[in-house]
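Subject: A structure for you to look through

Dear colleague,

I am passing on a structure that I would like you to read alongside these notes. Please keep it open while you go through them.

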Amino acid sequence: MESEATWFDRLVDALPNTRLFQFIAEWILVPYWAARTPVKPQPGGPRMAPQPSENLQHMMNLIMPLKDKSPIGRAKAALAIAQNVDEIYAGLNNVGTVHFARFVLVDGNLCMFSVYDGDFSNYIRDFIATIGSVFNAIVALIEDGDAVIPCEHHVEAFIDWVHARDLYQVPDLATDLLAQHNAAASGDDLRLLPRDLILQLHANPNVSLGSGYRGYPAFSVAQIRQKLGVGW
Amino acid sequence: MPDNPIAVQLVDAVLSDFPDHQPGTRPVHTIGIGVQGYFEASEVARNYTIAAHFQGQRVPVTVRFSNGTGSPVEHDGWSDVRGMATRFHLGDDVATDLIAMTLAEFFAPSVDAFLQFSRAARPARQQRESPWQKILDMLCLKQPLPDPMPGQMASGAAGMLAFANQHRFAQMAVFQAGSIGAPVSYVRAAYHAVHTFILTGPDHVRRPVRFSWEPIAGVRTTDPTAPPVDCYLHQELKDRLQRQPATFRLVMSIGEIGDAYADPTRQWPGKRCRVFMGTLTLTTVPEDQEIFCEKISFNPCRLTPGIDISDDPILQARRDAYEVSRLRRGGQSCPFAAG
């Protein structure tokens with residue numbers, strides 16, 4: 001006969017949802033396993049791949065902690081964007097590879113979320129060329145930003161700075177996380193996948209969950225605008 | 001062809017994973033229900049293939065939904081892969097099939113690997129993990145083993161897990177199969193054909209593609225914390241179709257150089273060009289399931305001009321394996337048998 005669940009089984013099954021276990025997990029288990037089996041924070045941005053459509057519609061999720069996180073500091077950030085709307089929109093049109101872009105304030109962070117075609121470094125390089133002055137005004141408000149402005153004089157350092165603040169994109173296929181954490185092709189344990197994710201989130205608090213949905217994958221801004229007859 | 005030793009080996013391997021399998025029935029996806037309806041291609045489908053069912057006219061179809069197991073006992077509420085085999089009736093006794101399942105990838109990339117996997121997946125006695133072991137797992141931030149379903153005495157889950165830990169190609173399928181759940185309805189699940197097919201367009205361009213069915217009603221599974229119900233999917237489908245038809249959208253992804261054309265264990269990323277190929281409308285559940293469903297012998301390689309198989313070795317092996325299976329259970333004859 002199959003073993004029936006006892007009261008103890010049911011108690012243990014409910015354990016992960018108890019405040020006591022959640023407290024122990026947060027303050028003891030996660031720090032313990034993070035020290036015992038350290039996980040390297042994965043780099044931000046999309047992965048490189050040879051397929052043409054992999055080079056289109058990349059997601060950038062740039063999280064920039066403000067120096068001044070008060071309402072006044074956040075208002076300054078909002079003002080820096082508002083005062084430069086024309087420069088930003090003209091710059092985005094000039095770059096020509098951007099599907100969508102927007103600035104968002106979340107807590108004490110100024111975020112820039114965008115979808116762009118092509119190589120990341122070239123994307124940022126194009127921005128420096130077209131709206132470098134706006135970036136200088138924005139980055140001056142960001143923690144650790146002073147070292148890379150004016151961005152026109154620190155092009156490579158600025159690209160690295162942006163890349164470091166672009167969110168890590170958790171693999172679309174969950175089990176690819178195991179391969180990212182364990183370069184050896186053996187020694188995996190699927191049941192430890194939750195721990196791998198937890199430790200990556202411990203090292204990398206903000207992440208993008210996958211590379212995102214696309215309504216019209218594999219098409220560039222140029223192809224879409226040309227097909228719609230709105231010029232490019 | 002029916003005496004192809006590899007095909008025989010494959011069918012025997014699958015059967016060995018289900019000790020209570022009944023001769024005369026399908027080796028896997030044993031319990032199912034047939035439905036009739038029609039398929040209408042989208043206006044863009046014909047740009048990608050010359051295949052007859054993608055030219056826009058209404059094509060009658062027979063669909064068989066099924067539970068994944070080869071056991072004759074119906075456990076609809078258990079977490080399990082579901083199948084959706086579709087036959088497009090093209091007229092003059094000509095037909096083409098599309099066979100899909102709720103897993104988005106297969107367990108093995110080659111016949112040898114599948115035979116190894118199948119050996120690993122043979123059912124072993126399954127018991128509830130002890131509470132102390134579960135606590136130990138939790139302290140290690142490790143997923144405890146799933147509890148057996150009510151009445152479940154044996155399972156291949158532990159063997160599949162051990163196999164996946166040694167073979168990365170199997171990890172995604174095993175991971176997904178372990179958490180796939182049970183659909184509230186056969187028409188509330190997405191089904192994937194997993195293999196690559198080669199489509200030929202009117203411009204003679206050949207494109208590697210993969211197909212998926214997406215339910216227009218949306219995907220929904222049962223509450224995994226509620227006790228599973230054994231028999232509900234067939235009646236739910238009959239009741240639903242009496243009220244109104246159910247519809248699926250056929251979605252096709254176009255592969256690119258560098259994609260795993262011949263490896264069904266790897267999904268293609270969502271960045272590939274996605275084409276809406278048509279709509280399937282299911283209308284009736286035929287009374288005589290034996291004639292209209294159980295005797296039908298589907299085959300993933302029953303194709304029509306405009307669609308060809310790829311170099312995927314699993315797809316190629318399925319052709320003869322399905323034929324061996326058909327002969328053993330006395331299914332309707334297949335056009336391959338003559339050739």
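Predicted model: local features only at pLDDT ≥ 70, side-chain atom pairs only at ≥ 80, totals over all residues.

Residues are numbered from 1 along each chain as its sequence is written, and chains are lettered from A and ligands numbered from 1 in the order in which they are written. The model scores ipTM 0.89 and pTM 0.93.

Chain A is the place to start. Its domain assignment, with bounds that come from an automatic or database assignment, gives domain 1 (54-166) and domain 2 (170-214). The centres of these two domains of chain A, taken over C-alpha atoms, are 27 Å apart. Four residues from domain 1 of chain A and five residues from domain 2 of chain A make the contact, where two residues are in contact if their C-beta atoms, placed from the backbone, lie within 7 Å.

Two packed helices are described by the angle between their axes and the distance between the axes. In chain A, helix H4 (residues 85-95) and helix H5 (residues 120-139) pack at an angle of about 175°, with their axes 9 Å apart; helices here are DSSP runs (H or I, at least four residues) and strands likewise (E, at least two), numbered from the N terminus. The axes are lines fitted to C-alpha atoms, for helices over the stretch in contact, and the angles run from 0 to 180 degrees between N-to-C directions. H4(A) is therefore roughly antiparallel to H5(A), a term for angles over 145 degrees, with those under 35 counted as roughly parallel, 65 to 115 as roughly perpendicular and the rest as oblique. Among the residues that make this contact are A:Ile88 of H4(A) and A:Phe127 of H5(A).

Further along chain A, the peptide bond from A:Ile149 to A:Pro150 is cis, with omega near 0°, and A:Pro150 is found in the loop between H5 and helix H6 (155-165) of chain A. Most residues other than glycine have a negative phi, and most peptide bonds are trans.

Between the chains, 36 residues of chain A are in contact with 34 residues of chain B. Helices H1 (7-14), H2 (19-36), H7 (176-181) and H8 (193-203) of chain A each supply at least two residues of the side that touches chain B.

B:His29 is found in the loop between helix H1 (5-16) and strand E1 (32-41) of chain B, and B:Asp93 in the loop between strand E3 (82-91) and strand E4 (94-101) of chain B. B:His29 counts as buried because 22 C-beta neighbours lie inside 10 Å, whereas B:Asp93 is exposed, with 7 other C-beta atoms within 10 Å. A residue is buried if 20 or more other C-beta atoms, placed from the backbone, lie within 10 Å of its own, exposed if 12 or fewer, and partly exposed in between.
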